[in-house]
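Welcome! Take a moment to look over the sequence and the structure, and then read on for a short tour.

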Amino acid sequence: MLNNIGLPGLLLIAVVVLVLFGRGKISSLMGEVGKGITAFKKGVDEGKQEIEDDKAASARDVTPEDEKDKV
């Protein structure tokens, strides 16, 4: 069903949304969407960094000093 909308249909939908909500409301909504996307990207980057930190911490050599000499 959505495959048959085309450019004229999208323009009509955009005009109807603009008339219903007004330009100010739509711009503030898009600003909030942008902030949400930015927060999501920041969270993903922090998650990646946390995983890398965990890998680095688990790779430490924790063998006691007296055990290292026996090898």
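What follows is a report on the helices, the surface and the charges of this chain.

This is a predicted model, in which local features need pLDDT of at least 70, side-chain atom pairs count only at pLDDT 80 or more, and totals for chains, interfaces and linings use all residues. Residues are numbered from 1 along each chain as its sequence is written, and side-chain values use heavy atoms, with hydrogens and water left out.

**Overall layout**

The protein chain holds 3 helices and 0 strands, in the order α-α-α from the N terminus. Helices (H or I, at least four residues) and strands (E, at least two) are DSSP runs, numbered from the N terminus. Of the 71 residues, 0% are buried. Here buried means under 20% relative accessible area, exposed over 50%, and partly exposed in between.

**Helix α1 and its surroundings**

With 16 residues, α1 reaches 23 Å from its first C-alpha to its last, close to the 22 Å expected (1.5 Å times one less than its number of residues). The number of buried residues in α1 is 0, so this helix lies largely in the open. After α1 comes Gly 22, with a positive phi near 85°.

Ile 5 sits in the segment before α1 (6-21). Ile 5 also belongs to a nonpolar surface patch of about 750 Å², together with Leu 10, Leu 12, Ile 13, Val 16, Val 17, Leu 20 and Phe 21. Patches are made of residues with over 30% relative accessible area and no salt bridge, joining like charges within 9 Å and nonpolar side chains (Val, Leu, Ile, Met, Phe, Trp, Tyr) within 5 Å.

**Charges**

Which side chains meet in a salt bridge? They are Glu 32 and Lys 35, at 3.8 Å, N to O, where the rule asks for a side-chain nitrogen of Lys or Arg within 4 Å of a carboxyl oxygen of Asp or Glu. Glu 32 and Lys 35 are 3 residues apart in helix α2, so about one helical turn separates them.

| Residue | Relative accessible area | State |
|---|---|---|
| Ile 5 | 31% | partly exposed |
| Lys 35 | 58% | exposed |
| Glu 50 | 52% | exposed |

Note on methods
Buried < 20%, exposed > 50% of the residue type's maximum accessible area, 1.4 Å probe, protein only. Areas by Shrake-Rupley, 256 points an atom, 1.4 Å probe, with all protein chains shown as cover.
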